[in-house]
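Here is a short note for a colleague who has not seen this structure before. Please read the points alongside the sequence and the model.

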Amino acid sequence: MSPAARPFQLIVNGESVRVTAAPDTPLLYILRNDLALNGPKYGCGLGECGACAVLVGDRAVRSCTLPLADLNERAVTTLEGLGTAAAPHPVQAAFIAAQAAQCGYCLNGMIIATVALLRRDSSPSEGAIRQALRHHLCRCGTHMEILAAVRAAARSTSAETAS
Ligand code: FES
Ligand code: FES
């Protein structure tokens, strides 16, 4: 039997929100079903595909396997919190410029993983890029365009850091 629902105070995309749910509820369900944040996608539900990734602090985390009770008041950023259609985050802009999508289902995870990578390493090597994305699955085979987008985002982040 699932534990009883109780209130949780979360910080999501810079805003404080209160939700009531069982402590073992996956964060992904709260984001999508309660907060209407549909950037994170439900793919495998098992922590294997990366489609549901969000930033917890500066780390990319799979929200489908993160119980609400384990958040411990750490701030969550979803795709929606990075940028907007009118003012995309530099990583989002790089993916658009590279046309790095077919169906787009994996892109939430790819972009979140890239943002996390560039926050810890503004000038990643090719190996570091591939390492960061290695457990993010793309069934459309868009890997080459995605890698090109990540390299472009890294170049612009590195240039920005240097200036
Ligand atoms: S849906 Fe979370 S890793 Fe696949
Ligand atoms: S673009 Fe379709 S799964 Fe990656």
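1. What percentage of the 163 residues in the protein are buried? Buried residues make up 39% of them; a residue is buried if 20 or more other C-beta atoms, placed from the backbone, lie within 10 Å of its own.

2. This is a predicted model, in which local features need pLDDT of at least 70 and side-chain atom pairs count only at pLDDT 80 or more, while totals for chains, interfaces and linings use all residues. Residues are numbered from 1 along each chain as its sequence is written, and chains are lettered from A and ligands numbered from 1 in the order in which they are written.

3. The protein has 6 helices and 5 strands (DSSP runs, H or I of at least four residues and E of at least two, numbered from the N terminus). From the N terminus, their order is β-β-α-β-β-β-α-α-α-α-α.

4. The largest nonpolar core has 45 residues. Such a core is a set of buried Ala, Val, Leu, Ile, Met, Phe, Trp, Tyr and Cys residues joined through C-beta atoms within 7 Å. L55, I111, I112 and A113 have the most contacts inside this core. Elements giving two or more residues to the core include β1 (6–12), β3 (53–56) and α4 (107–120); the largest share, 9 residues, comes from α4.

5. Beyond its neighbours within four places in sequence, I111 is in contact with L79, V91, Q92 and F95 (contact: C-beta atoms, placed from the backbone, within 7 Å).

Conventions: Buried ≥ 20, exposed ≤ 12 C-beta atoms within 10 Å, placed from the backbone. Contact = placed C-beta atoms within 7 Å.
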